[in-house]
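Look at the sequence and the 3D structure below. The notes that follow are grouped by topic.

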Amino acid sequence: MLGELLVARLRDAMLGLGQAPVLPPAETLATDFTRALADFDACRYASLAVRLPRLIRFGHALTASAREAGDYVLLAKSYLLATRMLVKLDEQQLGWMAADRARQLAEAGGAPLAVAESARQLAVLARKAGWHQEALSIALTAADHPNLRSAGRAGTALRGLLVQSASYTLARRGDRDGMRELTDEAVAIATELGGRTMLRDHGGGFSPLTVQLHRISAENHAGDPLAALDAARTISLKALPSVERRSRALGDIAVTYDRLGRRIDCVRTLLAAERCAPEETHARPATKSLIASLLVSGPTSTELRGLAERSGVLA
């Protein structure tokens, strides 16, 4: 399966297994990172499974030979992209390794935005491990760091992403009021920035629209799927900044319908997510788990069984 292949290739690259690469020019690597980010945004994971591990191998070879600040930052960004993919695939052990390496490399390269984004990813991993207090502390401490506050509008946007991450942690802890308070703070930060999508290379973008996307999942986890559905109704999928974000929105809406007992709407939304981003739908464990639960919780349909087969849920 594609997800397992991507994880295996990232693991080998991170552990230095395999043949040593012949280094291309540094500017070629910067272009390759841009293409890897585009693959992630478009949910082209078969392409990413080739490009991102190669980029990590090249990045290590480059930092070992040149040791310039820009080389550290490029490798840090590659590890951040790897972390986002590993989190998506529920590979927490490798995710911790990637996020910690990203933090060290970003600090060595003097890149406050990458340092803050690595903290956000570490907070995500802590939350997924059930360490809610630690996740809150990591995110909110990074949001208040002086280096981030002096990083201009991009630093403000990353602060918004960190506040948003903290609000999601409160949702997972069942603190609905705290989640809504911090989500409203993230909305205020996004509005202060003029409503334009920022940080496409960190966290998938930050804007009032992406905060509203976050609200769908946060309200679900805080126990209010009706509020999640209300949030979903305010979102224009076409206005979201990438295919990956649109697929994420559809996945969150499918979860909302499932929690409301609206089975037909849930399946219909999952099929829409598959049409939008088939590789995302087929590879993401959370989506596959939802499909599996639908198979055993009620009557099935040809469409649901077909989706289960294409996702590898049914052999």
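How many disulfides does a search of the whole structure find? The search finds 0 disulfides, a disulfide being a pair of cysteine sulfur atoms within 2.5 Å. This is a predicted model, in which local features need pLDDT of at least 70 and side-chain atom pairs count only at pLDDT 80 or more, while totals for chains, interfaces and linings use all residues. Residues are numbered from 1 along each chain as its sequence is written, and side-chain values use heavy atoms, with hydrogens and water left out.

**Cysteines**

- The closest cysteine sulfur to that of C43 belongs to C276, and at 6.8 Å it is too far for a bond.
- C43 is buried, with a relative accessibility of 4%. Buried means under 20% relative accessible area, exposed means over 50%, and partly exposed lies in between (1.4 Å probe, protein chains only).
- C266 is also in no disulfide, since the nearest cysteine sulfur, again in C276, is 16 Å away.
- C266 has a relative accessible area of 0% and is buried.

- The structure holds 21 salt bridges. A salt bridge is a side-chain nitrogen of Lys or Arg within 4 Å of a carboxyl oxygen of Asp or Glu.
- One of them joins the side chains of E219 and R180, with an N to O distance of 2.9 Å.
- E219 lies in helix 11 (residues 208–221) and R180 in helix 10 (residues 176–192), so this pair ties together parts that are 39 residues apart in sequence. Helices (H or I, at least four residues) and strands (E, at least two) are DSSP runs, numbered from the N terminus.
- E219 is buried at 3% relative accessibility, whereas R180 is partly exposed at 26%.
- D184 forms a salt bridge with R215, and their closest N and O atoms are 3.3 Å apart.
- Because D184 is in helix 10 and R215 in helix 11, this pair ties together parts that are 31 residues apart in sequence.
- D184 is partly exposed, with a relative accessible area of 43%, while R215 is buried at 14%.

**Other salt bridges**

- D252 and R248 meet through their side chains in a salt bridge of 3.4 Å, N to O.
- Both residues are in helix 13 (residues 243–259), and being 4 residues apart they are separated by about one helical turn.
- D252 is buried, with a relative accessible area of 8%, and R248 is partly exposed at 22%.
- A network of salt bridges links D32, D39, R44, R51 and R54.

**Packing of helices 6 and 9**

- Two packed helices are described by the angle between their axes and the distance between the axes.
- Helix 6 (residues 112–128) packs with helix 9 (residues 152–172) at an angle of about 5 degrees, and their axes are 10 Å apart. Axes are lines fitted to C-alpha atoms, for helices over the stretch in contact, and angles run from 0 to 180 degrees between N-to-C directions.
- Helix 6 is therefore roughly parallel to helix 9. Angles under 35 degrees count as roughly parallel, over 145 as roughly antiparallel, 65 to 115 as roughly perpendicular and the rest as oblique.
- Among the residues that make the contact are L113, A116 and R120 of helix 6 and L158, L161 and Y168 of helix 9. Contact means heavy atoms within 4.5 Å.
- By class, this contact has 9 nonpolar, 3 polar and 4 charged residues. Ala, Val, Leu, Ile, Met, Phe, Trp, Tyr, Cys and Pro count as nonpolar, Asp, Glu, Lys and Arg as charged, and the others, Gly among them, as polar.

- L250 is in helix 13 and is buried at 11% relative accessibility.
- Beyond its neighbours within four places in sequence, L250 is in contact with L237, T269, A272, A273 and C276.
- S78 sits in helix 4 (residues 69–88) and is buried, at 1% relative accessibility.
- Not counting residues up to four places away in sequence, S78 touches F33, L52, L55 and I56.
- R310 is in helix 17 (residues 302–310) and is partly exposed, with a relative accessible area of 42%.
- With residues up to four places away in sequence left out, R310 touches L271, E274, H282 and E303.
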